[in-house]
Amino acid sequence: MRRRNFLKTGLALAALPTVNSLAAKQRMAGKSKEFYEWKIYTLTDKGDLLDTFYRDVLIPAYNRQGVKVGAFRPYKKEDKNKKRYYLFVYSSWEALRDVQDKLWEDPVFVEQSRSFYGQTAPQPVYSEFDTYICEAFDRIPQLIMPHKSRTLFEFRFYHSPNEEANRRKVRMFNVEEIDLFDKVGINPVCYGDIKAGPNMPALIYLTWYVDEDTRHKVWGEFSKHPDWHAMRDRPEYAHTATNNTSTFLSPMEYSQV
């Protein structure tokens with residue numbers, strides 16, 4: 001009896017994310033599009049000082065401006081101290097444009113950040129960070145919060161051979177690929193067309209899963225799905241992406257996504 005109840009609970013949990021993502025997208029119809037800023041840090045130490053700064057100082061300062069921040073590290077244990085991925089969620093282009101000036105006009109942030117900046121100028125905790133500014137897709141104009149059961153995120157980067165091909169790839173997602181993701185259980189967080197960044201033209205999207213086994217299962221279903229085979233062979237989607245990379249991420253304890 002316990003085993004049957006456990007299986008029922010597990011199946012219900014597995015089905016919940018897809019239902020929630022569909023309902024969330026239906027509620028978004030006609031809503032304004034968000035803008036996303038990804039900052040990807042290359043660490044020179046274990047990341048403890050940067051984590052503390054983000055958790056205690058920077059994220060609260062962004063929250064005071066109405067900006068939510070996701071925080072992630074590489075999923076593999078051997079890589080967890082090499083990178084940090086931060087996702088800033090802005091309600092509009094104007095909010096993104098104005099946030100930096102407002103940040104440095106915030107006396108609480110200026111005072112609380114002083115020790116971090118003073119300590120890390122002579123002893124840097126990261127060598128650099130890349131920034132990507134993205135506009136949300138029409139199909140999912142606003143971020144969909146993942147279920148609390150999430151343990152694995154997938155950060156995907158699609159590079160296109162030119163701007164026109166990138167537009168067609170974005171359209172492919174908007175028109176049918178995201179809907180197929182829902183069918184097989186690939187849970188959306190956000191999709192962004194990159195407007196400024198070091199590698200363009202390209203797009204970024206973030207999805208989530210209960211665990212790694214679930215991720216591999218649903219992607220296996222996607223790769224053999226007849227809708228995917230029909231979609232990828234359409235001439236209007238030919239040569240839309242020359243390369244795509246996938247990075248598995250874990251949420252930091254202080255992540256707001």
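Trainee: What should I know before I start?
Mentor: The model is predicted, so local features need pLDDT of at least 70 and side-chain atom pairs count only at pLDDT 80 or more, while totals for chains, interfaces and linings use all residues. Residues are numbered from 1 along each chain as its sequence is written, and side-chain values use heavy atoms, with hydrogens and water left out.

Trainee: How many salt bridges does a search of the whole structure find?
Mentor: It finds 18, where a salt bridge means a side-chain nitrogen of Lys or Arg within 4 Å of a carboxyl oxygen of Asp or Glu.

Trainee: Which residue does Arg64 pair with?
Mentor: Asp106, with the closest N and O atoms 2.8 Å apart. Arg64 lies in helix H2 (residues 48–64) and Asp106 in the loop between helix H3 (93–104) and helix H4 (107–120), so the pair ties together parts 42 residues apart in sequence. Helices here are DSSP runs of H or I, at least four residues, numbered from the N terminus.

Trainee: Is Asp106 buried or exposed?
Mentor: Buried, at 13% relative accessibility. Buried means under 20% relative accessible area, exposed over 50%, and partly exposed in between (1.4 Å probe, protein chains only). Arg64 is partly exposed at 45%.

Trainee: New topic: what about Lys217?
Mentor: Lys217 forms a salt bridge with Glu221, closest N and O atoms 2.7 Å apart. They sit 4 residues apart in helix H6 (residues 212–224), about one helical turn.

Trainee: Which residues are linked in a network?
Mentor: Lys33, Glu135, Asp138, Asp193 and Lys195 are linked by salt bridges. Lys195 and Asp193 meet at 3.2 Å, N to O.

How values were computed: Helices (H or I, at least four residues) and strands (E, at least two) are DSSP runs, numbered from the N terminus.
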